[in-house]
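Keep the sequence and the 3D view side by side.

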Amino acid sequence: MNPPKMQIQDRVLPTSGSPKPHNHRKSFAIASKNLDFSTWASENLYKIVTILILITTVAALFYLRNYSTAGGDAAALICLQSAQSHSVHPKFPQINWNSINRIADKSTPYSSFRSEKWIVVSVSDYPSDSLRKLTKIKGWQVLAIGNSRTPKDWNLKGAIYLSLDMQAQLGFRVIDYLPYDSYVRKTVGYLFAVQHGAQKIYDVDDRGDVIDNDIGKHFDVELIGESARQEVILQYSHENPNRTVVNPYIHFGQRSIWPRGLPLENVGEIGHEEFYTEIFGGKQFIQQGISNGLPDVDSVFYFTRKASLEAFDIRFDDRAPKVALPQGTMVPVNSFNTIFHSSAFWGLMLPVSVSTMSSDVLRGYWAQRLLWEVGGYVVVYPPTVHRYDRVEAYPFSEEKDLHVNVGRLINFLVGWRSNKHRLFEKILDLSYVMAEEGFWTERDVQFTAAWLQDLLAVGYQQPRLMSLELDRPRANIGDGDRKEFVPMKLPSVHLGVEEIGTVNYEIGNLIRWRKNFGNVVLIMFCSGSIERTALEWRLLYGRIFKTVIILSGQKNVDLAVEEGQLDYVYKYLPKFFDRYTSADGFLFLQDDTILNYWNLLQADKTKLWITNKVSKSWTTVSTAGNSDWFVKQADTVNKLVATMPAHFQVNYKESLKDSQNLIICNSEVFYVPRRFVPDFTDLVNLVGDLDIHHKVATPMFFLAMDSPRNYDSVFDSMKYKQKIQSNSTSFYSAEAPAVHPWIVSNEQDFIKLIRTMAAGDPLLMELV
């Protein structure tokens, strides 16, 4: 009984069409003559040669037949021979790049349709539930590509479907090279999407659900414009020039799992990064998402990590930050959870002369190397889809050429250089050399030429080349450039044995948090009963920060609680600044706000932090028609601003154009870094005895010290309500940087809080 096959996308095994050879026997009657051997051989030379040729031909037929039935194909044989001898010299395509005619859609009902965001998927069966969900994602157009196994009556509302007949009428050159029964026909879909206005293409399969039905939850769908995330991204260190490939699953909490396409010799490298660097976002033209459930794994993992037919349901850390790859370091990239931006559309081509389980992996490495030529890079993202394991399997034979050649391919690509002056010329040059080296055949060289011409024909403009960083001396990575992130160690599967225990990593997290905030002073104002909560607050936050200073309306020497008034709390801060002159910064927190310190690691400790983007915490009030209190506060602020030094005054007036308005900030949480401490102190001294409430003074100070566009955005995603929630546990979120409001008035409230916060810091359970 043949084993069932797990189809990644809709991949099928090549079938052998070779007929079985027959044995033909022929007798040769040789007269008995009294001749010596040399005489006999000379007289029968033509017979000897004929027999030798016949024997050689039959042997070759048997070899090819046996190779084919073992799972190989002629292309793989050629690749193998080429890899051994490097003697293949394919014909280099000659292209006149300036005489490529435009190809317009004249054959489908969608000729006038345009969309910037496309989801391209191959379909071999009737629409799956996952595919139906994809059609519901707002702003994205689903494009389904059929093949010879797709039902004739395939139809799905909301999706554009291209059958084999429709594909043939589009006029693309690549059609001539595509197999009829393979997912690599998606290449037609990529061209169709570009032809119809695509700027982003999400490359997926039909068996995964997008988490929260939101492609932009983790992916950077926009790289430019107002909706783009303007942020720095963690990047693997380039300190080790000999490291050319990494396993990204380690970064996201799964050390003992590896992606399909990772060289097997690298599987044992399970240590996490000693440190990372950072890179500015905006050029992550290829974005690889992680998949929960059944991630992209190879048959070696699939067959060796199961104790039974139980389906895989593997989870990754969805709070781990995305991570970029520097030039010189690669990562496996697949074809069922990846976003390509327009600057990398040329990298969508799926090779046709290699096995189906190798095609997208080879494409990924090929595209990564070429991406460096345009200054782009790959970024790997936290889980973006959940893929379902159908408890099926695919044979190792479909991957064997991948496992044999992928390590050599990576090293070859990192060392490859081209003196061509345009990107498409470099692409064709690389494809040609890869055929010479035996990574694919001449068919893919011709296919590449057809693909590039089709791209130009549908209106694609090739990106400009950038200088290659690999060829420039790399700067040493100083201590200030080193960024730490210790991955979680999530439950995994090893030969059917579940890994549990995360204590070592939890302790590692605690050390990391302490190292990051160990020189930051926390100043906390407690409005509740300090006799019942002061020690608890110190126990909670003292593990993380340099020290915890507690202010309250009443002084308590025994509990080291200092006296202060919340209405003017800003006036007490300078004395703490003077007390801790070596601190990196000072974080103020009211006791009705919970600080999720584990979500603050990426915040810049040299910038101001405040809730200026939290609408219910930071508001602009017009004094016209408002109460006397607002009018008096606004008048006092305007008088104070008039006495400010020029730099304070200019900053403040640039941010607040109308002097009749008043900025109110509840100021539940804010951070002042060391470099702004003198400014804050000067502003407090300017206030002097003036009666300015802290909800007015604090935002005024921040606007005077620096422009809001320079504030760190760490508190922008704070979970905030004005009134206490009836069910505070469900209101709490471990993924937010802070949560407001939350009331702790006694030990029982504190225990409830600790158990709730343990979702983000499991070691807190040791306190209760």
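Two strands count as paired if DSSP finds at least two bridges between them. The model shown here is predicted. With that rule, look for an open sheet of three strands, in the order 18-23-22 and with mixed pairing. Its edge strands are strand 18 (594-595) and strand 22 (719-720), and each of these pairs on one side only. Strand 18 runs antiparallel to strand 23 (residues 738-740), and two bridges join them. Which residue of strand 23 is the bridge partner of I594? The partner is V739.

Now step back to the whole chain. It holds 21 helices and 23 strands. Of its 768 residues, 54% are buried. The exposed surface comes to about 35,100 Å². Carbon and sulfur atoms supply 51% of that area.

Go inside next. The largest nonpolar core has 105 residues. Which residues have the most contacts inside this core? They are W346 and F424. Centre the view on W346.

Helix 9 (residues 356-371) is worth a look of its own. Its 16 residues reach 23 Å from the first C-alpha to the last. That is close to the 22 Å expected at 1.5 Å a residue. Is helix 9 mostly covered or mostly open? Helix 9 is mostly covered, with 16 of its 16 residues buried.

Turn to the charged side chains. Side chains of opposite charge can pair when their charged atoms come close. A search of the whole structure finds 25 salt bridges. Three of them can be visited in turn.

Start with D212 and K217. Their closest N and O atoms are 2.5 Å apart. D212 has a relative accessible area of 53%, so it counts as exposed. K217, at 34%, is partly exposed.

Next come D220 and R229, whose side chains meet in a salt bridge at 2.7 Å, N to O. Is D220 buried or exposed? Its relative accessibility is 3%, so D220 counts as buried. R229 is partly exposed, with a relative accessible area of 36%.

The last stop is R532 and E747, with 3.7 Å from N to O. This pair links distant parts of the chain. R532 lies in helix 14 (residues 530-541) and E747 in helix 21 (residues 747-757). The two residues are 215 residues apart. R532 has a relative accessible area of 41%, so it is partly exposed. E747 also counts as partly exposed, because its relative accessibility is 34%. Salt bridges can also share partners: D220, R229, E231 and K322 are joined into one network in this way.

Terms used: Residues are numbered from 1 along each chain as its sequence is written. This is a predicted model: local features need pLDDT of at least 70, side-chain atom pairs count only at pLDDT 80 or more; totals for chains, interfaces and linings use all residues. Side-chain values use heavy atoms; hydrogens and water are left out. A nonpolar core is a set of buried Ala, Val, Leu, Ile, Met, Phe, Trp, Tyr and Cys residues joined through side-chain atoms within 4.5 Å. Buried means under 20% relative accessible area, exposed over 50%, partly exposed in between (1.4 Å probe, protein chains only). Helices (H or I, at least four residues) and strands (E, at least two) are DSSP runs, numbered from the N terminus. Accessible areas come from the Shrake-Rupley method with a 1.4 Å probe; for residues, only the protein chains shown count as cover. A salt bridge is a side-chain nitrogen of Lys or Arg within 4 Å of a carboxyl oxygen of Asp or Glu. The expected span of a helix is 1.5 Å times one less than its number of residues.
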